[in-house]
Amino acid sequence: MPDTIRQIRSVLSAAMLTLLAVSLGACSGGDFGRTRADMRSDDMHAWLGAEVTGSVGLKPSQFQLTDEERQLRDLAYPMIEPPLSRPAWKSVFGDYKAMPSPWRQKIVFDRTMYGRTLIDEPHRSHSSRYAQLMEDVRNDITRFEPFFASAIRVIDLDRKRNASMARVSALSPRERDDAVARMQENSLIVQWVQQCLEQRISSYRWALERLVIQAPDGMAADADRLIGELAAQTANPPVQAQPRYGRAVISKG
């Protein structure tokens, strides 16, 4: 009897550990496929500034990020990361990775990648593919206003920073270089997001065209309307960032 009781306790303990692991895993993923909370840090997106300046041959600023600059980078990342760029299981577990800026010479934008991934991934029905496309577009529309509201504030503060440098006493060359580099970083990050939005619209339209050919559905009209709404917003952004340096983004397809 004691042996039987010990076996039962062992089985129950293993089951409880399994349930605990599943519960923790279920809590790991964030909304919109964002990195789980326990993997986040205040400056987890600070690498964006060094990436954009490094990709155009400039040195990154050594200044610490302001709250506004940190928020700009936090809001920029989900708009820079291509939709459907990670497998479903990685989205659940909050996979996070740095990405190269569009000014890297070897970066080639393929507008067909999103659509091919959407169509090739297993789905219960073709309507679920339309639903996924519409959800991705809605996510971008939802993110649009918060990001550009942040960009307006950051760029306005950078204008004030630039104007005040002429009145700063004993401004050292290092301080000036770091200030200019930070303004350049902020401007390039905004332009990076603008380019990504334009690329996404192109990818969404390619995907919708293929869905209509392969599986015509009334949902196509709703998807087209959403893409048009995102395109209208992107064509008239509330702020324009024009960095002094940059290379054209190469695209294909």
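**Exercises on a predicted model**

Ala170 sits in the loop between H6 and H7. The model here is a predicted one, so keep that in mind while working through the exercises.

**Exercise 1.** Work out what stands out about the phi of Ala170, and whether this residue is buried or exposed.

*Solution.* Start with the backbone: Ala170 isn't a glycine, yet its phi is positive, about 50°. Next, check the surface. The relative accessible area of Ala170 is 78%, and the cut-off for exposed is over 50%, so Ala170 counts as exposed.

**Exercise 2.** Compare the span of helix H6 with the expected value, then find where H6 bends.

*Solution.* H6 covers residues 126-164, which makes 39 residues. From first C-alpha to last it reaches 57 Å, close to the 57 Å expected at 1.5 Å a residue.

**Exercise 3.** Decide whether Ser150 is buried or exposed, and list what it touches.

*Solution.* Skipping residues up to four places away in sequence, Ser150 touches Glu68, Gln71, Leu72 and Leu75.

**Exercise 4.** Find which residues of the largest nonpolar core touch the most other members, and which element gives the most to it.

*Solution.* The core has 44 residues, and Ile80, Leu133, Val137, Phe147 and Trp192 touch the most other members. Several helices give two or more residues, including H2 (47-55), H3 (67-80) and H8 (219-235). H7 gives the most, with 12 residues. Zoom in on Phe147: leaving aside neighbours within four places in sequence, its contacts include Leu72, Met79 and Ile189.

Methods
Residues numbered from 1 in each chain as written. Predicted model: local features only at pLDDT ≥ 70, side-chain atom pairs only at ≥ 80, totals over all residues. Heavy atoms only, no water. Helix = DSSP H or I, 4+ residues; strand = E, 2+ residues; numbered from the N terminus. Expected span 1.5 Å × (residues − 1). Bend = angle between axes of the 7 residues up to and from the residue. Core = buried A, V, L, I, M, F, W, Y, C linked by side-chain atoms within 4.5 Å. Buried < 20%, exposed > 50% of the residue type's maximum accessible area, 1.4 Å probe, protein only. Contact = heavy atoms within 4.5 Å.
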